[in-house]
Amino acid sequence: MRGTDSLSLIAAIGLLTLAPIGAAQAQSVQETTFFITSAGSGKGADLGGLDGADRICQTLAEAAGIRGKVWRAYLSTQAAGGATAVNAKDRIGRGPWQNAKGVVVAKDVADLHGPSNNLTKQTAITEKGGMVNGRGDQPNQHDMLTGSQPDGTAFAGNQDMTCGNWTKSGTEGAAMTGHHDRTGTDDSAPAKSWNSSHATRGGCSQDALRGTGGAGLFYCFAAN
């Protein structure tokens with residue numbers, strides 16, 4: 001009897017030990033307020049405009065168990081065809097933002113666009129907590145669609161930097177991208193920029209994005 005009682009006690013202690021861990025993990029996931037999309041639209045930089053990109057963020061977050069948040073894609077649009085320019089930095093709320101592992105990547109909008117933000121290959125992870133391939137990995141997927149200048153604002157002028165405000169997927173147009181791993185071919189500021197490194201080449205198709213080191217992925221932030 002004593003042996004049976006001892007085994008029961010050990011089992012009970014084990015369950016009590018595991019329960020808080022599971023609860024903590026669930027809480028951490030629920031508190032996620034920033035991620036890189038684990039998948040794009042599959043149509044290159046055609047995300048269905050800002051609304052379509054936001055839906056991708058929302059769908060991926062909810063599928064990962066992150067509920068009760070309003071998600072916004074970190075994307076700018078340009079003034080074209082009567083449209084009003086939109087700044088990525090104005091869409092994403094006030095912060096702070098943390099990833100699926102509970103690590104804070106930025107305290108607020110100013111911190112996010114300043115030199116002390118905590119966006120790196122290790123912290124800029126997907127909604128599932130997975131790491132995204134960077135420079136040196138096969139395939140390299142460090143190009144994040146942003147359409148933005150370093151300060152998070154839209155580009156002025158007629159040069160397309162947003163693939164037609166995220167509606168093009170052919171050989172025309174281009175989009176500004178950032179390096180989530182803060183690594184490029186040199187040590188210049190653009191090469192290390194998470195949101196404004198270089199434009200795509202050869203158009204806005206999935207193949208064109210792959211050609212410069214991307215996969216049509218982008219950043220998502222909880223705006224509430």
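What is the volume of the largest pocket? In this predicted model, the largest pocket has a volume of about 190 Å³. Its lining comprises 16 residues, and those nearest the centre of the pocket are His-142, His-179, Gly-184, Thr-185 and His-198.

The confidence of the prediction was examined next. The chain has a mean pLDDT of 90, with 88% of its residues reaching 70 or more. Residues 1–25, however, have a pLDDT below 50, and this stretch makes zero contacts in the model beyond near neighbours in sequence.

Five helices and eight strands make up the secondary structure of the chain. Read from the N terminus, these elements follow the order α-β-α-β-β-β-α-β-α-β-β-α-β. Among contacts with a separation of 6 or more, 66% are between residues 24 or more positions apart. Of the 224 residues in the chain, 46% count as buried.

In soluble globular proteins, nonpolar side chains tend to be buried together. The largest nonpolar core contains 22 residues, of which Trp-71, Leu-75, Leu-145, Trp-166 and Phe-218 touch the most other members. At least two residues of this core are supplied by each of helix 2 (49–63), strand 2 (71–73), helix 4 (163–166) and strand 8 (214–222). Helix 2 provides the largest share, with six residues. When residues up to four places away in sequence are not counted, the contacts of Phe-218 include Phe-35, Leu-47, Ile-56, Ala-73, Leu-75, Met-144 and Leu-145. A second core, separate and made up of 18 residues, includes Ala-88, Ala-106, Leu-119 and Ala-124.

Several features of the backbone were also examined. Most residues other than glycine have a negative phi, and most peptide bonds are trans. The bond from Gly-95 to Pro-96 is cis, with omega near -5°, and Pro-96 is found in the loop between strand 2 and strand 3 (97–98). A cis peptide bond also links Gln-138 to Pro-139, with omega near -5°; Pro-139 is found in the loop between helix 3 (109–112) and strand 5 (143–145).

Positive phi values occur at Cys-163, near 50°, and at Arg-182, about 55°. Cys-163 is placed in helix 4, whereas Arg-182 lies in the loop between strand 6 (176–179) and strand 7 (198–199). Cys-163 counts as buried because its relative accessibility is 0%. Arg-182, with a relative accessible area of 25%, is partly exposed.

Terms used. Residues numbered from 1 in each chain as written. Predicted model: local features only at pLDDT ≥ 70, side-chain atom pairs only at ≥ 80, totals over all residues. Heavy atoms only, no water. 1 Å grid on protein atoms, 1.4 Å probe; cavity = no way out; pocket = protein on both sides within 12 Å on 5 of 7 lines; lining within 4 Å. Points joined across faces, edges and corners; volume = space filled by probe spheres on them. Core = buried A, V, L, I, M, F, W, Y, C linked by side-chain atoms within 4.5 Å. Buried < 20%, exposed > 50% of the residue type's maximum accessible area, 1.4 Å probe, protein only. Helix = DSSP H or I, 4+ residues; strand = E, 2+ residues; numbered from the N terminus. Contact = heavy atoms within 4.5 Å. pLDDT = per-residue confidence, 0-100.
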